[in-house]
Amino acid sequence: MGKRTCLYDMHIQYNAKIVDFAGFDMPIQYEGIMDEHAATRNAIGLFDVSHMGKFELKGEEAKSCINYLVTNDLTALVDGQAMYAPMCYEDGGTVDDILVYQHAPNNLLLVVNAGNKDKDYKWIESHLLPGVDLKDITNELCQLAVQGPKSVALILSLTNISLGTLKYYHFLDQVVLADVPMLISRTGYTGEDGFELYFDKKDAQKIWTLLLEEGSSYGIKPCGLGARDTLRFEAGMPLYGNELSETINPLEAGLGYFVKLDGEDFIGKSSLLEYKVQPKRKLVGFELMDKGIARHGAQVLNPDEERIGAVTTGYISPTLGKSIGLALIPYAYDKDNILVQVRKNRLEAKIINKKFLKQ
Amino acid sequence: MKIVKGLYYSKDHEWIKIEGNRGYIGITDYAQEAMGDIVFVELPDVDESFAAEDNFAVVESVKAAADIYLPIGATIVEVNNKLEDEPELLNKAPFDAYIAIIEDFETDELETLMDADAYEAYCNSLE
């Protein structure tokens with residue numbers, strides 16, 4: 001038996017299929033990935049993401065401390081704002097990609113991938129500045145993602161917040177929802193408008209049930225990790241372990257916007273500066289012309305059938321109905337077609353913009 | 001979970017329905033439920049022959065690909081082309097949406113498979 005989030009009993013009650021994910025018994029789906037995916041694109045999806053790692057970083061130098069560990073530049077981050085940032089090793093390889101929430105420069109919340117939590121904790125701990133304290137608060141909190149075009153109407157109906165004060169990648173603390181104080185951020189991992197809610201885990205079942213009840217007229221559905229992955233993939237968002245890893249740096253993954261090489265110093269900066277001058281690989285989108293599905297790990301070949309790379313993620317897109325994927329291939333590759341090895345077949349694919357929903 | 005009487009069942013959750021010298025083969029309700037939304041089926045070639053327990057087709061859900069095995073040695077004489085455009089038929093009606101029709105099999109080999117009652121007991125034992 002794996003670890004369980006504060007909502008495990010709810011997942012069972014809602015007939016979830018449970019799988020192991022990063023040591024947690026997590027719902028991969030409830031009624032079905034396709035329906036859950038569509039609910040999030042068209043209405044609201046409710047996701048239990050309490051397994052995500054959550055750290056408090058406190059102390060006078062807390063912001064400087066984390067700013068030296070991530071590739072994005074937190075200097076301009078203000079209280080009540082969150083920022084997405086890759087965290088790298090000296091060689092540019094990626095430790096993890098994380099969210100940094102700033103309550104104040106001396107009080108930050110870090111949200112990290114569940115599968116990287118222990119590694120991240122050790123990494124950050126080994127780079128703490130004097131007077132800065134790191135605390136793992138993962139098990140104290142429930143974390144929900146409320147995602148989809150109708151999530152704004154739902155959250156506004158249940159709280160007294162106004163969207164004017166909660167812009168994209170901003171958050172409000174001590175918002176009261178059904179008498180429960182919580183942090184609500186305008187963030188997500190689906191490509192849709194939406195929110196993430198952080199609150200005391202003792203209220204987990206109450207809030208989960210209330211959101212599903214109040215959201216039912218909007219068409220809310222509980223969604224599992226299956227839909228979470230197809231949604232983020234369609235939106236062109238990276239998943240650590242697929243598009244990012246210890247051997248894939250954020251520039252290769254196409255995350256240059258989050259790597260501020262002209263800002264403050266950070267671990268990995270010199271390697272990434274060198275890499276930028278001589279890039280070796282790039283992440284591209286592709287669409288299969290032949291029937292099939294090119295999944296994570298499938299080999300990519302050039303038209304001469306020489307191996308040039310691998311698929312990082314691939315699905316039949318539930319929204320587009322096309323078989324699409326992301327692949328890591330040589331930076332210098334300039335043809336507009338590739339082959340993908342799927343079992344005994346070599347399938348034709350054309351390279352397309354990896355912002356799949358925007359074409 | 002639906003189980004149809006009069007069919008032969010394998011431990012890998014395939015069913016075979018015999019009509020004369022032909023057999024229809026598909027996947028069971030238990031199998032489609034376990035896989036979730038099915039989005040692609042790789043069908044075998046007509047006239048291809050397989051030994052018992054050979055992988056003859058692939059059924060893919062959103063998340064994963066599953067090999068489908070022929071429980072008995074046989075030759076494929078027809079495939080269900082409808083599954084190319086409507087793979088979800090395997091979810092909606094697993095006992096109607098056959099994957100292929102087979103011939104040239106040994107009737108004796110069928111006796112190594114389970115009947116509906118034995119298969120139901122087998123599925124229950126997996127819960």
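This is a predicted model: local features need pLDDT of at least 70, side-chain atom pairs count only at pLDDT 80 or more; totals for chains, interfaces and linings use all residues.
Over how many bridges do strand β6 (residues 54–61) of chain B and β7(B) pair, and in which sense?

**Figure 1. Pairing of β6 and β7 in chain B.** Six bridges join strand β6 (residues 54–61) of chain B to β7(B), and the two strands pair in the antiparallel sense. Within this part of the view, B:Val58 is placed opposite B:Asp67, a residue of β7(B). Strands of a sheet pair through backbone hydrogen bonds, in either a parallel or an antiparallel arrangement.

**Figure 2. The open sheet of chain B.** The sheet is built from three strands, ordered β4-β6-β7 (chain B), with antiparallel pairing. Its edges are formed by β4 (38–42) and β7 (65–70) of chain B, each of which pairs on one side only. On average, and with direction ignored, neighbouring strands of this sheet are turned by 30° against each other.

**Figure 3. Packing of α2 against α7 in chain A.** Two packed helices are described by the angle between their axes and the distance between the axes. For α2(A) and α7(A), the axes come within 9 Å and cross at roughly 55°. The helix α2(A) is therefore oblique to α7(A). Their crossing is right-handed. From α2(A), the contact draws on A:Ile33, A:Glu36, A:His37 and A:Thr40, while α7(A) supplies A:Gly226, A:Ala227, A:Thr230 and A:Leu231. By class, the residues of this helix contact comprise three nonpolar, four polar and one charged.

Figure 4. Seven residues from domain 1 of chain A and five residues from domain 2 of chain A make up the contact. On the side of domain 1 of chain A that touches domain 2 of chain A, the elements giving two or more residues are α2 (33–42) and α7 (225–234) of chain A. The largest share of that side, four residues, is provided by α2(A). The residues on this side of domain 1 of chain A divide into three nonpolar, two polar and two charged.

**Figure 5. The contact between chain A and chain B.** Ten residues of chain A are in contact with seven residues of chain B. The side of chain B that touches chain A consists of three nonpolar, one polar and three charged residues.

Methods:
Residues are numbered from 1 along each chain as its sequence is written. Chains are lettered from A and ligands numbered from 1 in the order in which they are written. Two residues are in contact if their C-beta atoms, placed from the backbone, lie within 7 Å. Ala, Val, Leu, Ile, Met, Phe, Trp, Tyr, Cys and Pro count as nonpolar, Asp, Glu, Lys and Arg as charged, and the others, Gly among them, as polar. Axes are lines fitted to C-alpha atoms, for helices over the stretch in contact, and angles run from 0 to 180 degrees between N-to-C directions. Angles under 35 degrees count as roughly parallel, over 145 as roughly antiparallel, 65 to 115 as roughly perpendicular and the rest as oblique. A crossing is left-handed if the near helix is turned anticlockwise from the far one by less than a right angle, and right-handed if clockwise. Two strands pair if DSSP finds at least two bridges between them.
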